[in-house]
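The sequence and structure come first.

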Amino acid sequence: MSHASSKSASRFSRRLALVLMAAAPWLPPAVAAQAAGTAPLLHALFQDHAVLQRDQPLRVWGLAPPGQTVQVELAGKRASARADGDGRWEATLPALKAGGPYTLSAAAGQARQTVADVLVGDVWLCSGQSNMELQVWRSLDARAEIAGAGNDRIRLLAVPQVSGVAPQATFSTPVQWRAVDPESVRDFSAACYFFARELQKTVDVPMGLINAAWGGSRIEAWIGAPALRTLGRYAGELDILERYAAEPMDAVGDWGRFWQRWWSGRPAVAAGDTPWDADQGSQWRAAPEQLGAWERWGVPELAAFDGMVWYRTGVTLSAAQAAQGAVLALGPADEIDMTWVNGQGVGSTYGAGGGREYRLPAGLLREGRNEVVVNVLDTYRDGGLSGPASQHALHLADGSSVPLEAQWQYRIVPAEVGSPPRAPWQSAAGLSTLYNGMIAPLGRYGLRGALWYQGESNTGEPELYADLLRTLRRDWRERFGAGLPLLVVQLANYGARPSAPTESGWAQLREAQRQVATEDSDTGLVVAIDIGDAYDIHPTNKQELGRRLARAARHVAYGQALPASGPVPLAAGRNGEAVVVSFGDVEGALVAYGAPGPIGFELCGEAAGSCHYAQAQVWHNRVTLQAPDAHQATRVRYCWGDSPTCTLFDANGDGPGMPAGPFQIPLSPMPYDDHAR
């Protein structure tokens, strides 16, 4: 091209950019920015120091002017794609073996983007709640771990903690791939990092780690809305979530009515009991002037209370004040509030870290006294509505504020009422919110597998967890690829140690995790029952957890001939007056530590409360159980409780051995010898 032609083309490009910028209000913002030359061609995942998944076609995508052809190149391989009407494009490059560093480039018209220092290896998604989020600086021996960190072949990417009411195409804030060094690893997931460090000892390829975790999150928040709908039970909440994306104030009103129907339908709630209305029932008591955690009020019923408490107060307005637009401001609530004004739901928020601000619909306020009612749900320590009186106020459209009455009343909700539904738009406790904000932006990025450490926030409803975990697995495989290996960390021990057989939501959830892992060959269960902390829900020994995760990955994802975890129960049957449990995946032999036989085995009948501890004896790969009522048993439990003591391991001479994890299995109707044959 001649110099004159080049100048002419350049002037045309500038004029085109100006036209497109002028059209920006009618274009998707990202497309308008791209067309004006102010945004990169490649999605944010594709940047310097990225790791791409080896041995599978490489999908690369981004934004370009609509209709523009985009050329991509990596390691001498090329592909092209045309941007659609919204500017989205996706090209597929041929699969590559592990290697690099390479340069990835994308070109569309005059625009060009180059990404340097790209490695090809194995990419792992690490997700869940706080035990996956827990940073290296909070782990065991953190100072030495951070000081000694340095590995250019392990790259880290932290997904911003953002929730969404609809799936997001990209991240809301910048992300960055970083090689492991003391600075980058300090705030990264300890479980994720120690897993890759251990795995790389036997799988010698570059590792890319994507950490998408949120402390306190429930599993429902990590599953896409279409997948959740297949379960049936969330249809009403998901309908409200869809409306919230377009009409949030109307959706909040719908949610208030949904919540009220739930309350009125509870068997433990008396007919006509509507605390959100201005009733003056005798159940209300005066709250302390300084609200704060109800455990410190000096009220015996609240000293160790986890559950719901109602609060109410009021605010008196003139006619001119009531006619204005207004925002209700409240102090922090630990951990979920549902708030009403004059009997209408106006907001619900998850999280104890900040106050609440709820915009009120027009016409809701009235001259005279207005009722403000707040239901607070707390599931773990220090519950309640907090903040000084000055934090609780109505902020009016004219810039003035009217404080709420300083004297609050409260009412304790009996435990048998149960746990209320969560507003579906809540960040970590909603429906699909973290999938929308943290998983959807990953697109269909190539993965070797996923690590999942979550469940503590669902122990109040363990009976639902198995179906939810299956749904998450299916949903993520639809996004990232069929057969995606999933490594599930079974909940570690935490809380009260049992001195007698007991029912436990933590134990039930562990059993749900075990069942879901057992039914699928591409799912591995990682036992952590012996490396938790009865006094700390965040155990610090993430190095051993990483070692066990790597072991499970070697079996599940790489097909290596070693058990994914420790000994697993195969069957239980009668042998005369005794019950015999056989185990598989035993390396060496079974061994019991600290006593002649393993402790923690129970023989149970059908009914709840029918379990009794049994004397246990190890013989090769079997455990024989004896108890006075063994003939009545229909099932065997092991290591059951919030924080049980478990002493059954295997011992192969090459290490500390692996624990047998918690389980519950039925007794076979056949005698043990016949069952074994």
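## Lining of the largest pocket

Three elements, α3 (130–133), β12 (307–317) and β18 (368–378), each contribute at least two residues to the lining of the largest pocket. The model is a predicted one, in which local features need pLDDT of at least 70 and side-chain atom pairs count only at pLDDT 80 or more, while totals for chains, interfaces and linings use all residues. Residues are numbered from 1 along each chain as its sequence is written, and side-chain values use heavy atoms, with hydrogens and water left out.

The largest pocket holds about 1,200 Å³ of space. Its lining comprises 40 residues, and those closest to the centre are E335, T379, Y380, E456 and S457. A pocket is an open set of points on a 1 Å grid over the protein atoms alone, with protein on both sides within 12 Å along at least five of seven lines; a cavity is a set of points where a 1.4 Å probe fits but cannot get out; lining residues have an atom within 4 Å of a point. Grid points are joined across faces, edges and corners, and the volume is the space filled by probe spheres set on the points. Sorted by class, the pocket lining has 15 nonpolar, 15 polar and 10 charged residues. Nonpolar covers Ala, Val, Leu, Ile, Met, Phe, Trp, Tyr, Cys and Pro, charged covers Asp, Glu, Lys and Arg, and the others, Gly among them, are polar.

## Enclosed cavities

The model has 4 cavities of 30 Å³ or more. The largest cavity contains about 80 Å³ of space. It is lined by 13 residues, with W259, I336, M338, P420 and P421 nearest its centre. Elements that supply two or more residues to this lining are α9 (248–264), β15 (336–341) and β18. Strand β15 gives the most, with 3 residues.

The lining of the largest cavity divides by class into 8 nonpolar, 3 polar and 2 charged residues.

## The six-stranded sheet

Strands β12, β15 and β18 also belong to an open sheet of 6 strands, in the order β11-β22-β12-β18-β15-β16, with antiparallel pairing. Strands β11 (285–286) and β16 (344–350) are at the edges with a single partner strand each, so one side of each has no neighbour in the sheet. Two strands count as paired if DSSP finds at least two bridges between them. The antiparallel pair β15 and β16 has 6 bridges.

The S348 side chain reaches the backbone oxygen of D337 at 2.7 Å. A second polar contact, of 2.8 Å, links the side chains of S348 and Q426. Such a contact is a pair of N or O atoms within 3.5 Å; within protein, one must be able to donate a hydrogen and the other to accept it, and residues adjacent in sequence count only if both atoms are side-chain atoms.

## Disulfides

The structure has 3 disulfides, each defined as a pair of cysteine sulfur atoms within 2.5 Å. Counting bonded cysteines along the chain, the pattern is 1-2, 3-4, 5-6.

C126 is joined to C192, S to S 2.1 Å. C126 lies in strand β7 (residues 111–128) and C192 in helix α6 (residues 190–199), so this link ties together parts 66 residues apart in sequence. The link is right-handed, with 65° about the S-S bond. C126 is buried at 0% relative accessible area, and C192 is buried at 0%.

C604 is bonded to C611, S to S 2.1 Å, in a right-handed link with 110° about the S-S bond. Both cysteines, C604 and C611, are buried. In the link of C639 and C646 the sulfur atoms are 1.5 Å apart, and this link is right-handed with 65° about the S-S bond. C639 is buried at 1% relative accessibility, and C646 is buried at 14%.

Terms used. Helix = DSSP H or I, 4+ residues; strand = E, 2+ residues; numbered from the N terminus. Buried < 20%, exposed > 50% of the residue type's maximum accessible area, 1.4 Å probe, protein only.
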